[in-house]
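Please consider the sequence and the three-dimensional model shown here before reading the notes that accompany them.

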Amino acid sequence: MLWKRILVGDQERVLVTKNGRFVSILEAGEYRLFEGLRLFGEGSKLAFERFNLREVVFQSTWTEFLVKQKPDLVARYFTVVETGDAEVAVLSFDGKLLKVIGPGKRVLFWRGGVEVSAEIVNVIERPQVDAKMLTALERLGRESLVTFAIVEESRAGLLYLDSRFARTLEPGKYGFWSVAGSPPRVDVVDLRRQALEVPGQEILTKDKVSLRVNILAEFQVIDAVKAKQLVKDANEQLYRALQLSVRQTLGRKTLEEILADKTDVDESVTVAVRAEMEIIGVRVGSIAIKDIILPGEMRDILNQVVSAEKQAQANLIRRREETAATRSLLNTAKLMEDNPILVRLKELETLEKLVEKVDRLTVNNGFEGLLENLVSIRAGEAK
């Protein structure tokens, strides 16, 4: 005959089996269990599984047996949390959210150590996480079974559940349960005004000149749902529309016409681009040719043409000035011919200029002699 002495601490529980059959669960205390007679090394055999209540989850091969065969004992020692195929359980330990259990599971938690409470959520009926849980679930990371999304100001979020569009999200923070069907997805669409540049487009003008242009257009998404659902990529769609529009515009013009008004895009082409993009929820603003890049030899030719034009303009201006000066002299001569006083004033003006250039001047025979000598000197110099 053999007795077994067992000590169970205040924060412990012991599961007892005998010969592979469940016997009981022991609470805190001291126990003596009869193991039975052993003859020639044979007899009944007790087995013990010791559990610490601070490790809240009951993990044992006896879990399903106890739930099905010992419901009264389970109700006494455990808190049972069970989820259906479309449910999750949000667990709080002593009032703090610390764990999430996925669909189709049954978990037993020891009573007496930590107070466990659970909120069962049907993820089909309530796919969005309550705002009050978001911060705590974020701390759990991947264990939260939640897909998080942030929609910033001036943007719209498109929510897809089970690969189907559900609704549009306003700016804010969101969480969605990711345990049923396809994972939830949130596509964020920028609703601000933007600019799209189409660089280096090869164009052949009407007069067979090859050049490259850079195109710039302003646009804004006004219907996020259309912009995402009607085309694969709204930006790419606008890119191609701009390419075609500029080819249609510049292909009908000569190089001289393009250079005369390099920011001009045919209004009919612009209207067509705007109408096409409006269908997919994009409003297009101004469309302009930002840069025109000519081949090297064409640049040299144009530089020579511009230089010749500027030289011709300079010559024309010079000739005009010379003609104007000659005409002015002729007019002055006519006035002096008819007005002796004006001749005298001109002589005085000449004398004043001469005096400014000499240090000393001696006048003989009065002012009349000075003028006569001046004329004679100039006449002698001319000879």
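Predicted model: local features only at pLDDT ≥ 70, side-chain atom pairs only at ≥ 80, totals over all residues.

## Strand pairing

Strand 10, which covers residues 87–93, is joined to strand 11, residues 96–101, by 5 bridges, and the two run antiparallel. Within this pairing Ala89 stands opposite Ile101 of strand 11. The hairpin that strands 10 and 11 form has 2 residues between the strands, and Asp94 in this hairpin adopts a positive phi near 50 degrees.

A separate description applies to an open sheet of 3 strands, whose order is 8-12-9 and whose pairing is antiparallel. Its edge strands, strand 8 (57–58) and strand 9 (78–82), each pair on one side only. Between strand 9 and strand 12 (residues 106–110) there are 5 bridges in the antiparallel sense, and Glu82 has Arg106 in strand 12 as its bridge partner. In general, strands of a sheet pair through backbone hydrogen bonds, in either a parallel or an antiparallel arrangement.

## Helix 5 and its surroundings

Helix 5 comprises 17 residues, 234–250, and spans 24 Å from its first C-alpha to its last, which is close to the 24 Å expected at 1.5 Å a residue.

Ala149 belongs to strand 14, residues 146–151, and counts as buried because its relative accessibility is 12%, where the cut-off for buried is under 20%. Leaving aside residues up to four places away in sequence, Ala149 touches Gly172, Lys173, Tyr174 and Val186. Its C-alpha atom is separated by 9.7 Å from that of Leu159, which is 10 residues apart from Ala149 along the chain.

Asp190 lies in strand 18, residues 185–190, and its side chain makes a polar contact of 2.7 Å with the side chain of Arg192. With residues up to four places away in sequence again not counted, Asp190 touches Ser154, Arg155 and Val221.

## Aromatic side chains

Over the whole structure, a search finds 11 aromatic pairs. One of the pairs is formed by Phe22 and Trp62, which are tilted, with 6.2 Å centre to centre and 50 degrees between the planes. Because Phe22 lies in strand 3 (residues 21–26) and Trp62 in the loop between strand 8 and helix 1 (63–69), this pair ties together parts that are 40 residues apart in sequence. Phe22 and Trp62 are both buried.

The rings of Phe58 and Phe78 have centres 4.7 Å apart and planes at 50 degrees, so this pair is tilted. Phe58 lies in strand 8 and Phe78 in strand 9, and the pair therefore ties together parts that are 20 residues apart in sequence. Elsewhere, the ring of Tyr160 has the charged end of Arg185 sitting over it, 4.2 Å from the ring centre.

Technical notes
Residues numbered from 1 in each chain as written. Heavy atoms only, no water. Pairing = 2+ DSSP bridges. Helix = DSSP H or I, 4+ residues; strand = E, 2+ residues; numbered from the N terminus. Expected span 1.5 Å × (residues − 1). Polar contact = N/O pair within 3.5 Å; in protein donor to acceptor, adjacent residues only side chain to side chain. Contact = heavy atoms within 4.5 Å. Buried < 20%, exposed > 50% of the residue type's maximum accessible area, 1.4 Å probe, protein only. Phe/Tyr/Trp six-rings, centres within 6.5 Å; stacked < 30°, edge-to-face > 60°. Lys NZ or Arg CZ within 6 Å of the ring centre and 35° of its normal.
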